[in-house]
Structures are given as C-alpha cells and as structure tokens.
Amino acid sequence: MGQFDLRRAAPLLLVALVFCLLPLVISKSMLPEATRIVVLAGCAMSLNLLVGATGLISMGQGLFFGLGAYVVALGTIRFGMGYGAAAALALAICLPLSIIVALISLRAKHLFFGLLTMAIGQVAFVFVSRNYKLTGGDDGLVGVVLPKWLDNDLAQHYFAIIVLVLAGLVLLRLLASPFGATLGAVRDNPDRVASLGGNPKLYEIAAMVGGGLLGTVFGIVWSGTEGSVEPGLLSWVTSAMLLMMVALGGRSMFLGPLIGAVILEVTRAILQSKSTNADLVVGIVVITCAVFFPEGVGPRLQQLFAGLKLRRTPAQTPAAKTTEMGGRA
Amino acid sequence: MNWQLFSAQVLAGTANGALYFLVASGLTLLWGALGVVNLAHGSFFMLSAFAGALCIQTWGPEIGLIVALVIVPLAAALFACTLEMTLFRPVYKSAMWGQLLVSFGLVLALNNIARLVFGTQAISVAPPKMLSGFVEFGGLRLASYQLGVLVVTALVALFLWRLLTRSRTGRLIRAAVDDPQMLGAVGVDVQRLRTMVMGIAALLAGIAGVIAVPRGAINLGLDVQIIVIAFAVIVIGGLGAVWGSLAAALVIGIAEAVSTMFLDQGGEVVIFAVMVIVLLFRPTGFRTIAGRD
C-alpha cells in the first residue's frame with residue numbers, strides 16, 4: 001500500500017497538463033481525436049481497477065462504457081432529459097447492473113470469468129443493435145443534446161481531461177487505501193485473504209462495481225464529446241480493445257492503460273486520416289509490442305528511466321546496480 | 001406447432017452446431033491442453049471461408065468445393081504453424097497476456113488483410129447441384145447441404161477420435177490436458193506439441209470454413225462472430241474436453257435455430273443465455289477436468 005500524496009499523483013497531473021496544452025500544438029481537426037484518446041484512456045484506467053489491481057480479467061468493460069453512452073444519448077434525444085439528469089440516471093442503472101454482472105460472472109474464475117463478462121456484454125450488444133425502435137439499431141443515435149458549456153471541441157476536450165484527472169485521483173486514493181491493499185491481496189492470494197477473515201468475493205464484487213461505475217462515467221463523457229453513439233461501443237471488440245490497452249501499456253502500472261491507449265489510438269488516428277487500412281498497422285504494432293514487451297510498454301519505460309537515473313548518480317553502490325540488473329533480467 | 005418447420009430448424013441447428021464443433025474443438029484442445037488462448041482462431045475460419053469461395057469461383061461449384069476441402073485446410077494448418085513458431089513462441093513466457101495481445105493483433109491485421117484481398121462485399125457462391133436440393137426422409141424434407149455438413153463433420157470427428165485415442169500425438173495431447181507440467185517433466189517436447197495442436201486446430205477451422213461457404217454471405221464479420229461462439233462452446237463444454245464441446249456445440253446450435261421460431265431477436269442472445277445458465281449451475285462446464293478451474 002502506497003501513501004496517497006502529491007508525488008503519486010504527479011505523473012497523472014503531468015499527463016493531464018500535456019493533454020491540456022495539446023490544442024495549442026495540433027490542428028483543429030485533430031482535436032476530437034485527442035479528446036477520444038483521453039476518454040478511452042480513462043475507461044481503460046477504470047478497467048485496470050479490475051485487471052491490474054484485483055486480477056479479474058474482465059472482457060465486458062464495453063458494457064458499462066456503452067451503458068453510460070447510450071443512457072445519455074437516449075435520455076437526451078428520446079426523452080428530453082438534461083445531460084446531467086441523464087448522467088445521473090446512467091449511474092443509477094449501472095450500480096445494480098454491475099452487481100448483477102458481478103454475481104453471475106464471478107461464479108467462474110480466471111479466463112472463464114472473462115468469457116462470462118464477454119457473454120453478458122454480447123447480450124446487451126445484440127439487444128441494442130437489433131432494437132431499431134428504441135436504440136436506433138445498427139445505425140446508433142446521432143445528435144446528443146449537449147448543454148451550452150459543452151458544445152464546442154475545446155470545451156469537450158477540457159471536460160474530458162477534468163473527468164480523467166478526477167477519476168484518476170479517485171482511483172489513486174482507492175488504491176492507497178486499506179481497501180486497495182486488500183484488492184491486491186485478493187489478486188495475489190485469495191485463499192489467504194479468506195483464511196485471515198476477509199471475504200475475497202465481496203472485494204471482487206466491490207471492484208467490479210467500482211470499475212463499472214467509472215466505466216459508465218467515461219461512457220457518459222463519450223456521448224458528451226462525440227455527440228453520437230453506436231452499438232459497437234457495447235460489443236466485445238471494444239472491451240477487448242480496452243483490455244489490450246491495459247495489457248499493452250502495462251497492467252502493473254497506474255498510468256499503463258493510458259500509455260496503451262495513446263499507443264493504439266495515436267497510431268489509429270494518424271493512419272485513419274491517410275488510408276482505410278489502419279487496422280493492419282495497429283495489429284502489427286500490437287503484435288510487435290507483445291513480442292518485445294510482453295509485460296507492457298510502461299514497466300519497460302519505467303526501467304529505462306530508472307536506468308538513466310542510475311547512470312547519472314555515481315554515488316550508487318555496485319550492489320544496488322546488480323540488483324537492478326537482476327530485476328531487469 | 002409446425003413439425004415440418006421444427007424438424008427443419010433442428011436439422012439446421014445441428015448443422016450449425018457441427019460447424020461450431022469443428023471450430024471449437026481445436027481451440028479447446030489448444031487452450032485446455034497447452035494453455036494457448038488464440039483469439040485469432042476465428043480469423044482462420046474466416047480466411048478459409050474466403051479462400052474456399054475463391055476456389056469455387058475459380059473451378060466451379062463441384063470441383064472447386066472438393067479442391068477447397070483439400071487445399072484450404074492444409075494451407076490454414078501450415079499458416080497457423082508458421083504463426084505459432086514465429087509470433088506465439090516468444091510470448092509464452094509471459095503467461096496468457098502475451099498470447100492475448102499477439103492474437104488480438106492478429107485478429108485486427110488478418111481482418112484488414114482479408115478486406116484488402118477479398119473486398120468489403122459479402123461473397124455468396126452457388127452451392128454444388130448435389131447439395132442444393134432436399135432429401136425426403138420419412139415424410140420430412142431435409143436440406144441436403146445440411147446433411148452434407150453433418151457427414152463431413154462426422155468424418156472429421158471420427159478422425160479426431162482416432163487421432164486422440166490411437167496415435168502417439170493423441171496420447172500426448174490427452175496427457176497434456178490432464179497434467180501439462182508432468183508431460184514436460186518426463187521429457188516430451190511440449191513446444192513441438194504446441195505447434196502441432198495449433199496446426200490441427202487450424203486444420204479443423206479450415207474445414208469448417210470451407211463447408212460454411214455454401215451457406216452464403218461470407219463476410220468480414222465472421223471472424224469475430226465465430227470466435228465468440230467458439231468460446232461459448234468451450235465454456236459450456238468444459239476446457240479441454242473435445243466431446244464436451246461436441247455436446248455443447250449441438251446444444252447451442254439447436255437452441256439458436258429453434259429459438260428463431262419463437263423470438264424475432266433470437267440467435268446470439270440464446271447462445272449466451274445458454275452459456276450463462278449452464279455456468280450458473282456448473283461453473284466449469286459439462287466436463288470438469290480434475291484440478292482445473
């Protein structure tokens with residue numbers, strides 16, 4: 001368990017600052033892409049509460065992401081609700097839904113758990129994509145009614161960053177708490193947690209509710225920044241994409257999912273503007289990263305930085321150096 | 001109740017289930033026996049279907065189908081073995097994460113390659129004359145294509161049974177399902193076994209892909225669609241259980257086809273409903289392998 005202080009939050013704030021300064025550097029047409037990366041990164045970070053912190057390989061995060069996006073879109077377009085009210089409704093639906101999903105899928109363990117979450121997500125996906133009357137079916141819904149303060153690209157960009165920072169701080173606080181420490185214990189040795197008097201399942205359910213709620217939050221942001229929703233958000237491909245961001249960036253690092261999201265989405269955004277074959281290159285990038293950094297890019301970067309610091313400080317004892325090398329091998 | 005329609009749906013469901021079995025049985029062996037999770041397995045199926053359609057377009061419906069049934073599965077097996085040796089081998093040491101990443105990257109890349117080679121339009125080819133009609137059987141009209149699928153699947157299942165029970169490879173695979181560590185400890189080359197099972201799995205997916213061609217509408221969504229179903233079959237059947245996956249595939253196929261008679265939104269939802277219900281009662285599927293969960 002680490003302490004929750006400014007030093008731990010600093011990397012997050014630094015990244016947020018970089019994203020804040022982006023509109024000065026990149027062209028106007030690329031700004032929505034940057035906003036999209038922020039939202040997806042946030043959703044991947046909330047998934048990492050399950051994957052990295054608790055050891056639950058959920059392949060159903062798209063369910064909550066899509067839930068947030070769809071409830072807001074439906075609420076504002078079909079039922080004339082305000083953005084805030086629709087967001088509150090989405091969170092209110094997400095709470096019981098995440099508990100039900102948790103209760104069903106936690107019957108199985110490990111990858112079977114993942115496949116169950118995927119199955120539940122697919123049920124929602126098929127339901128939404130076939131139901132033309134309510135959800136617009138395959139075509140999705142266009143024209144989410146946005147409040148005044150959110151109706152330009154720049155405002156949407158900063159809104160997404162603010163939510164990312166808030167969610168990141170909540171996650172950091174959570175992980176630094178005794179609750180977060182127990183999640184780690186559940187991941188590493190559930191039997192031992194049980195023998196010490198804890199109920200691992202309860203912690204897993206709590207993690208799923210937390211991850212689900214945060215995923216819904218980013219879904220809400222998504223429909224606010226994109227202005228449209230489509231059923232693909234709910235499908236397992238979205239869930240798998242988010243999981244890949246976590247794995248690619250490094251699940252053991254707090255900012256790992258963000259790094260993964262940036263790698264995947266920047267590649268895609270750059271290529272998509274030039275050709276229709278972005279998937280090919282993104283796929284090759286994923287494979288290359290997996291072959292060279294199977295534990296994720298993030299930890300490797302961390303090691304590199306640590307190595308640089310080591311070389312700069314000559315006061316290091318040789319013993320410390322060898323352990324560092326040993327740790328790397 | 002319309003019994004004519006019902007029996008037709010049951011047969012259609014059985015034929016679909018047979019296809020699911022072909023795709024899932026290889027995957028369940030690969031995962032259960034050797035711990036390889038290959039999300040790109042559905043891509044093998046889709047690429048084989050496209051290649052089969054191409055063969056039929058080139059050589060006509062009859063000869064083309066037979067040629068495709070021989071060439072395409074072998075090519076798929078060769079392709080899978082190559083991928084296994086070049087891309088999967090380096091990532092085994094990082095447990096499942098490396099495999100998930102590599103195979104997901106393959107899903108994206110192979111789908112895009114298929115789009116480049118075969119185009120975005122769904123391909124439908126004429127089924128061979130022999131398989132386009134119906135067979136009268138005890139007052140029931142049965143589609144001969146579906147019967148054909150069942151015959152091919154039965155032959156493949158027979159081959160698989162012979163392979164698993166009679167050959168040395170089969171004995172090794174079964175040993176790996178029961179205890180992979182022990183198998184490595186007694187000196188078996190697990191690395192080579194992995195490559196072989198990957199090849200066999202792709203061979204089965206290739207056969208499934210080719211015999212799916214006369215169903216028509218070969219499209220780019222097939223890879224994702226079939227892999228999800230295959231995973232459902234594995235989960236219901238039990239990890240590493242080939243015959244469990246046969247039962248599961250048939251249950252799913254028939255439930256899916258019959259449900260379309262009552263629900264206009266049937267299909268996939270029923271598959272996952274079956275999966276969730278089975279797992280609520282038996283979290284490890286039909287067949288449980290000792291010590292696994």
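Predicted model: local features only at pLDDT ≥ 70, side-chain atom pairs only at ≥ 80, totals over all residues.
Domain bounds here come from an automatic or database domain assignment.

**Two domains in chain A**

Chain A is divided into domain 1, covering 6–282, and domain 2, covering 296–329. The centres of these two domains of chain A, taken over C-alpha atoms, are 33 Å apart. The domains of chain A do touch: eleven residues of domain 1 are in contact with five residues of domain 2. On the domain 1 side, the elements of chain A that give two or more residues are α11 and α12 (256–272). By class, that side of domain 1 of chain A has six nonpolar, four polar and one charged residues.

Let us now step back and look at each chain in turn. Chain A holds 15 helices and two strands, while the secondary structure of chain B comes to twelve helices and two strands. Reading chain B from the N terminus on, the order of elements is α-α-α-α-α-β-β-α-α-α-α-α-α-α.

How does the radius of gyration of chain A fit a compact globule? For 329 residues, such a globule would have a radius of gyration near 20 Å, and chain A has 20 Å, so the value agrees. The reasoning for chain B runs along similar lines: with 293 residues, a compact globule would have a radius of gyration near 19 Å, and chain B has 19 Å, which agrees.

**Where the chains meet**

Next comes the contact between the chains. Here 34 residues of chain A are in contact with 35 residues of chain B. Which elements of chain A give two or more residues to the side that touches chain B? They are α5 (110–130), α11 (236–249) and α13 (278–292) of chain A. Of these, α5(A) gives the most, with eleven residues. By class, this side of chain A has 26 nonpolar, three polar and five charged residues.

Helix α5 of chain A is where F127(A) has its place. Is F127(A) buried or partly exposed? A residue needs 20 or more other C-beta atoms within 10 Å of its own to be buried, and is exposed with 12 or fewer. F127(A) has 16 C-beta neighbours inside 10 Å, so F127(A) counts as partly exposed. F127(A) also lies 8.6 Å from G137(A), C-alpha to C-alpha, with the two ten residues apart in sequence.

At 1.5 Å a residue, its 15 residues should span 21 Å; the end C-alpha atoms of α13(A) are 21 Å apart, which agrees. The expected span uses one less than the number of residues in the helix. Several residues in α13(A) are buried, among them D279(A), V282(A), G283(A) and V285(A). V286(A), I287(A), C289(A) and A290(A) of α13(A) are buried too. As noted above, α13 is one of the elements of chain A that give two or more residues to the side touching chain B.

Definitions and conventions:
Residues numbered from 1 in each chain as written. Chains lettered and ligands numbered in written order. Contact = placed C-beta atoms within 7 Å. Helix = DSSP H or I, 4+ residues; strand = E, 2+ residues; numbered from the N terminus. Nonpolar A, V, L, I, M, F, W, Y, C, P; charged D, E, K, R; others polar. Rg over C-alpha atoms; globule rule 2.2 N^0.38 Å.
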